[in-house]
Amino acid sequence: MIKSMTGFGQGSAEGDDFRVRVDIRSVNNRAIDVHTRLPQELASLEVTLKKQVQAAVKRGRVDLTVSVEQLKPSLELIAKLSGALQVSQNSGALDEHLVSGTVAAVSQALTSLTEMRVVEGQELAAELNSRLENIERQMPAIENEAARLPTVYREKLMKRLQEIAAGAQVDETRIAQEAVMLADRSDISEEIARLKSHITQLRDLIRSTDEAGKRLDFILQEMNREANTILSKSNDLAIADAAIVIKTEVEKLREQGQNVE
């Protein structure tokens, strides 16, 4: 199922003398864009943490904030401890524990973020499917009216020629040929077929667990193009009304699609 690009997650980790807290937020963006706010002691981790985020999030602007609280005892207490002021052979151990704790806290926050994006993605999927159903409801009207066009054009041509000829004999074979030629120029069968194909592709995409936002936007652009072509080719009122509804729904789909990862 698709995921939303909007979400929030938190994570934390503790060591003997530190506490790490991680907040991560994501919003819409055309590509992956990670921003970090780290304390000075973790500045060297920036590239590592960005890669960690990019492995979990494929699209969106992500803001990662890490805060560290040191839990060291007071100087008075340290002075009372035998040998406490001697240089420790394991002075680097704190850094190692802090780094591993930070990575674990970020991982926890990313899991929380992903869960929220999945839940919002389910709501998005329901909205997108509802819009697609509205589009599908317009297709029978377009198909039925399109199938009637040759007959409609023939009747209009016959009526017009009879008015011009004022009752003179009219070549019905010629009229039929002209009607077919006019219908060919107004043929929208390919546009109908492509619209149906795009609807199927979108439904498959909505069910997909892969990054879907960019493909979804492309398919919706194509659907909008097909609706525009149908409008320009046909002067039938029923077809035009249905095509306008499709264009409206496609625009709403594109708005919602901006939230899809």
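## What we're looking at

This is a predicted model, where local features need pLDDT of at least 70 and side-chain atom pairs count only at pLDDT 80 or more, while totals for chains, interfaces and linings use all residues. Residues are numbered from 1 along each chain as its sequence is written, and side-chain values use heavy atoms, with hydrogens and water left out.

The chain holds 7 helices and 4 strands, taken as DSSP runs numbered from the N terminus (H or I, at least four residues, for helices; E, at least two, for strands). In sequence order they go β-β-β-α-β-α-α-α-α-α-α. Of the 261 residues, 36% count as buried (under 20% relative accessible area with a 1.4 Å probe, protein chains only; exposed is over 50%, partly exposed in between). Among contacts with a separation of 6 or more, 78% link residues 24 or more positions apart; a contact here means heavy atoms within 4.5 Å.

## Helix α6 by itself

Helix α6 covers residues 213–233, 21 residues in total. From first C-alpha to last it reaches 31 Å, close to the 30 Å expected at 1.5 Å a residue (1.5 Å times one less than the number of residues). Its buried residues are G213, L216, D217, I219, L220, E222, M223, N224, E226, A227 and I230.

## α5 against α6

Helix α5 (residues 189–207) packs on α6 at about 160°, with the axes 10 Å apart. Those axes are lines fitted to C-alpha atoms, over the stretch in contact for helices, and the angles run from 0 to 180 degrees between N-to-C directions. The two helices are therefore roughly antiparallel (over 145 degrees; under 35 is roughly parallel, 65 to 115 roughly perpendicular, the rest oblique).

On the α5 side, E191, R194, L195, H198, I199, Q201, L202 and L205 do the touching. They meet R215, L216, I219, L220, E222, M223, E226, T229, I230 and K233 in α6. Sorted by class, this contact has 9 nonpolar, 3 polar and 6 charged residues (Ala, Val, Leu, Ile, Met, Phe, Trp, Tyr, Cys and Pro are nonpolar; Asp, Glu, Lys and Arg charged; the others, Gly among them, polar).

## α7 against α6

Helix α7 (residues 237–257) comes within 9 Å of α6, axis to axis, and the two cross at roughly 165°. So α6 and α7 are roughly antiparallel too, and their crossing is left-handed.

E261 sits in the segment after α7 and is buried, with a relative accessible area of 5%. Beyond its neighbours within four places in sequence, E261 touches K3, S4, M5, V57, K58, R59, R117, E211, A212 and G213.

A13, in strand β1 (residues 7–14), is buried at 14% relative accessibility. With neighbours within four places left aside, A13 is in contact with F18, R19, V20, G101 and A105. A13 and T102 are 89 residues apart in sequence and 6.8 Å apart in space, C-alpha to C-alpha.

D95 belongs to helix α3 (residues 93–165) and is partly exposed at 48% relative accessibility. D95 and E41 lie 54 residues apart in sequence, with 8.7 Å between their C-alpha atoms.

Note on methods
Left-handed = near helix turned anticlockwise from the far one by under 90°.
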